[in-house]
Amino acid sequence: MGMFAVERRKTKQIMLGDVPVGGGAPVTVQSMTNTDTGDATATLAQILELEQAGCQIVRVAVPDARAAEALGAIIAGTALPVVADLHFDWKLAFLVLEQGVQGIRINPGTIGKKQRVREIAREAATRGVAVRVGVNAGSLERSKHARGTRAEASALAESALEGAALMQAAGVENIKISVKASDVTRTIEAYRLVSEQTDWPLHVGVTEAGTLWSGTVKSAVGIGALLAEGIGDTIRVSLTASPVEEVRVGRKILGSLGLAVTGPEVVSCPTCARTEIDVIGLAMKVEQALEHVRVPFTVAVMGCVVNGPGEAREADIGLAGGREGSMLFVKGEMVRRVGTDEMLDALLAEVLKMAASEEQK
């Protein structure tokens with residue numbers, strides 16, 4: 001299925017471990033663990049789950065020395081680059097850097113004195129560690145508070161750019177920037193402003209987006225709008241849900257814009273009074289069966305005779321359903337008619353056969 005190609009803004013390329021970010025590298029998906037970081041075994045178990053879901057960079061919160069001291073075992077136990085999230089206690093940054101993290105995230109608004117931020121930056125520069133200057137609307141420096149969407153977005157951008165300049169002056173060569181708000185309009189505006197004024201790579205997301213349902217919608221709109229404009233080199237979907245769901249949603253957002261190969265796409269009709277089969281149930285079961293398939297092809301599950309045959313014929317595998325039986329298509333050709341009681345089995349058999357065939361190529 002054709003789609004317009006996203007023309008990405010040119011940014012510098014930095015390295016997080018062996019993962020390139022920016023400079024035309026594929027947009028990467030990040031997530032953040034919600035385990036007790038001090039429990040290295042539990043944290044590594046979740047990181048493995050995230051990696052299997054398609055996560056490429058993982059961030060861990062470091063609220064105390066116990067968490068910082070667990071980082072050595074966590075880093076040794078995963079191939080993913082590990083980013084340490086630091087707030088308030090500037091001394092923890094040095095302990096974290098000693099553990100060998102590939103990146104740190106600091107928010108100038110929560111660290112406080114600029115001299116402390118400079119000291120962290122110099123240590124990161126010495127060790128060649130990537131630094132994300134991550135500014136959030138909820139923890140903006142008091143001196144930067146403003147009223148109104150445009151003013152608030154401008155304040156976020158100004159704070160992040162000042163932080164990045166400070167990092168660069170201290171010798172940090174691997175910098176990325178984020179400017180997140182919990183609403184879509186401020187977030188988009190802030191990223192546009194930063195993108196106009198710097199070529200450091202950008203980490204894009206809508207912070208504290210909400211629950212799985214509402215947060216997915218807000219993230220898809222906010223992240224998707226920016227990516228469609230070419231803004232964004234790495235993304236995180238922030239959900240009040242399992243971090244695995246964050247990764248799944250993030251990869252779907254990239255896939256919808258042709259920015260990543262995210263496995264099969266299920267095309268299904270929205271259902272209406274013409275629908276003669278259980279399209280909802282069928283589509284969900286097909287999607288579940290394909291959850292761990294990474295090769296790209298399209299599966300159409302259609303429920304009426306108006307758009308059904310056309311969509312099913314265009315897909316790699318398609319089912320055009322009807323009360324009296326359904327037509328099963330493979331690569332544009334109708335291979336057979338199937339009864340209502342065998343629709344799911346027949347469709348899944350073709351889908352899994354194609355998945356196995358594509359994976360062997």
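Guide: Setting aside residues up to four places away in sequence, Val-351 touches Leu-290, Phe-297, Val-299 and Ile-317; contact here means heavy atoms within 4.5 Å. Before we go on, note that this is a predicted model, in which local features need pLDDT of at least 70 and side-chain atom pairs pLDDT 80 or more, while totals for chains, interfaces and linings use all residues. Residues are numbered from 1 along each chain as its sequence is written, and side-chain values use heavy atoms, with hydrogens and water left out.

Val-351 lies in helix 12, residues 343–359. Helices (H or I, at least four residues) and strands (E, at least two) are DSSP runs, numbered from the N terminus. With a relative accessibility of 0%, Val-351 counts as buried; buried is under 20% relative accessible area, exposed is over 50%, and partly exposed is in between, with a 1.4 Å probe and protein chains only. For a sense of distance, Gly-232 is 119 residues from Val-351 in sequence, and their C-alpha atoms are 33 Å apart.

Let's look next at an open sheet of 5 strands, ordered 11-12-13-14-15 and mixed in its pairing; two strands pair if DSSP finds at least two bridges between them. Strand 11 (265–268) and strand 15 (333–338) are its edges, each pairing on one side only. From one strand to the next, the twist averages 15 degrees. Inside the sheet, 4 bridges join strand 12 (residues 298–302) to strand 13 (residues 317–320) in the parallel sense. Met-302, for instance, has Ala-320 of strand 13 as its bridge partner. Helix 10 (residues 279–289) packs on this sheet and touches strand 11, strand 12 and strand 13, with its direction at about 160 degrees to that of strand 12. Such angles run from 0 to 180 degrees between N-to-C directions, and axes are lines fitted to C-alpha atoms, for helices over the stretch in contact.

Another open sheet has 8 strands in the order 8-7-6-5-4-3-10-9, with parallel pairing. Strand 8 (175–180) and strand 9 (203–204) are at its edges with a single partner strand each, so one side of each has no neighbour in the sheet.

The crossing is right-handed, that is, the near helix is turned clockwise from the far one by less than a right angle. Helix 8 contributes Leu-212, Thr-216, Ser-219, Ala-220, Ile-223, Gly-224 and Leu-227, which meet Glu-245, Val-249, Ile-253 and Leu-254 of helix 9. By class, this contact has 7 nonpolar, 3 polar and 1 charged residues; Ala, Val, Leu, Ile, Met, Phe, Trp, Tyr, Cys and Pro count as nonpolar, Asp, Glu, Lys and Arg as charged, and the others, Gly among them, as polar. Val-217 belongs to helix 8 and is partly exposed, at 44% relative accessible area. Its C-alpha atom is 9.7 Å from that of Val-249, 32 residues away along the chain.

Finally, step back to the whole. The protein comes to 12 helices and 15 strands. Its radius of gyration is 23 Å, close to the 21 Å that the globule rule gives for 361 residues, so it is as compact as a globular protein of that length; the radius is taken over C-alpha atoms, and the rule is 2.2 Å times the number of residues to the power 0.38. Of the 361 residues, 54% count as buried, Val-351 being one of the buried residues.
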